[in-house]
Amino acid sequence: MKAHDGMYIGGEWRVAAGADTIAVVNPADEQVIAHVPAGIAEDVDAAVFAAHEAFPAWAATPPAERAAKIAALRDVLVARKDEIAETVTAELGAPLQFSQMVHAGVPVLVAGSYAELAASYPFEEKVGNSTVYAEPVGVVGAITPWNYPLHQIVAKVAPALAAGCTVVLKPAEDTPLTAQLFAEAIDEAGIPAGVFNLVTGLGTVAGQALAEHEGVDLVSFTGSTAVGRQIGATAGAAVKRVALELGGKSANVILPSADLAKAVNVGIANVMGNSGQTCSAWTRMLVHTSQYDEAVELAGAAAAKYGDRIGPLVNAKQQARVRGYIEKGVEEGARLVVGGTETPHEKGYFVAPTVFADVTPEMTIAQEEIFGPVVSLIRYEDEDDAVRIANGTVYGLAGAVWAGDEAEAVAFARRMDTGQVDINGGRFNPLAPFGGYKQSGVGRELGSHGLTEYLQTKSLQF
């Protein structure tokens with residue numbers, strides 16, 4: 001598979017400062033498909049310098065012109081959607097149809113939304129005898145994960161560009177080829193040199209150098225809560241702004257009045273998508289005790305159908321991690337309904353779709369983010385009990401509520417300590433703010449709230 005052997009800095013592909021490379025592995029067959037340069041501090045320095053040089057002109061570019069460039073970027077992503085999907089499938093392992101619909105499709109929606117927002121956002125408003133200006137923060141250091149490689153890039157870069165910021169991107173080392181395709185799309189869309197820059201490399205080297213760089217004004221990070229804490233501490237010491245989208249352990253609450261079969265089937269599908277590697281996945285299914293046994297039967301049957309339909313996990317480390325959680329669940333007394341630790345394929349980092357019953361709220365698999373195709377069914381006695389269980393983790397990223405009456409579902413959702421809740425299978429909305437409560441993060445992505453993260457205000461009094 002084609003890969004660039006340099007960094008995209010200042011509008012061109014430059015030779016990396018170091019000689020080391022990173023092997024890109026197809027997780028479905030464990031074969032090396034490409035190598036990319038392992039960036040070091042010198043590469044980050046060059047990229048941040050280029051972003052600083054480009055910032056004044058880009059910040060002064062009228063919002064309508066910035067909007068036009070983002071629209072051009074969206075059009076390039078549309079034209080190259082097949083190549084993007086094939087690349088994501090090769091380096092992440094997602095089934096091609098899922099890559100086409102989600103990994104290539106959703107970023108187009110998000111980019112399009114920011115093309116519109118850049119043109120319509122109120123960058124200037126009157127407040128009494130003051131004029132308040134919304135101005136770009138400056139240089140953004142974007143550090144993105146591997147699970148949704150293009151979506152996570154677009155969800156950071158598009159609003160940053162709409163705001164008038166310039167960007168240095170450090171993508172996950174497991175999925176750098178998608179990031180390189182994005183850099184090509186930036187170039188093809190005619191976005192000025194230095195406005196976007198790409199440094200591939202390890203998180204512990206290039207990512208750390210970017211987060212700590214004194215020339216970066218805001219760090220936007222998506223990943224684990226543990227790393228998010230480190231970035232937050234580093235930024236705090238430098239009085240630097242951060243946006244952190246971190247882990248989740250989302251509850252899927254099925255109230256007794258709901259269509260049980262639909263709620264269970266959609267809930268299982270939600271977790272199995274992307275092989276469970278989704279921070280907002282509804283991995284805890286809460287069911288009333290009167291319907292619990294039926295829900296367990298439905299969930300087991302639904303999950304079993306995904307045996308040959310989901311892709312592998314991203315790497316061997318992630319596979320071992322998920323297997324470890326499954327073993328922990330059995331050890332702590334949860335009942336394995338389907339799945340387990342046996343490898344369903346001879347090669348590749350696969351884990352079988354797994355459903356646990358008789359899970360209690362304090363069990364490890366009900367408290368910690370597994371990031372794999374594992375669902376825990378938890379019984380509750382009444383709505384107060386369900387609220388207690390739903391809110392009983394350190395996370396608060398997403399969730400779902402099902403009920404026969406929408407008002408009943410909304411009333412329950414308002415009691416949940418979480419940033420986003422889907423009511424009776426509500427559809428994805430690229431304009432709705434996404435982000436969490438508690439240890440699920442700081443700040444919001446998507447829509448106007450996502451754009452605001454990259455702005456700072458200045459007021460003039462008359």
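The largest cavity of this predicted model has a lining of 15 residues, with R284, A390, Y395, A398 and T418 lying nearest its centre. A cavity is taken as a set of points, on a 1 Å grid over the protein atoms alone, where a 1.4 Å probe fits but cannot get out, and lining residues have an atom within 4 Å of a point. The model is predicted, with local features requiring pLDDT of at least 70 and side-chain atom pairs pLDDT 80 or more, while totals for chains, interfaces and linings use all residues. Residues are numbered from 1 along each chain as its sequence is written, and side-chain values use heavy atoms, with hydrogens and water left out.

The volume of the largest cavity is about 80 Å³, a volume being the space filled by probe spheres set on the points, which are joined across faces, edges and corners. Its lining comprises six nonpolar, five polar and four charged residues; Ala, Val, Leu, Ile, Met, Phe, Trp, Tyr, Cys and Pro count as nonpolar, Asp, Glu, Lys and Arg as charged, and the others, Gly among them, as polar. In total, four cavities of 30 Å³ or more are found.

The second largest cavity holds about 60 Å³ of space. Among the residues that line this cavity are K156, F221, F434, R444 and E445. Strand 10 (218-222) and strand 11 (241-245) each contribute at least two lining residues, and strand 11 gives the largest share, three residues. Strands (E, at least two residues) and helices (H or I, at least four) are DSSP runs, numbered from the N terminus. The lining of the second largest cavity contains five nonpolar, three polar and four charged residues.

Two of these lining residues, K156 and E445, also form a salt bridge through their side chains (2.7 Å, N to O). E445 lies in the loop between strand 19 (441-442) and helix 16 (447-452) and K156 in helix 6 (residues 149-163), so the pair ties together parts 289 residues apart in sequence. Both E445 and K156 are buried, where buried means under 20% relative accessible area, exposed over 50% and partly exposed in between (1.4 Å probe, protein chains only).

The whole structure contains 14 salt bridges, each defined by a side-chain nitrogen of Lys or Arg within 4 Å of a carboxyl oxygen of Asp or Glu. One of them joins E184 and R80 (2.6 Å, N to O). E184 is buried at 14% relative accessibility, and R80 is buried at 16%. A network of salt bridges links K2, R80, E83, E184 and E188.

Technical notes
1 Å grid on protein atoms, 1.4 Å probe; cavity = no way out; pocket = protein on both sides within 12 Å on 5 of 7 lines; lining within 4 Å.
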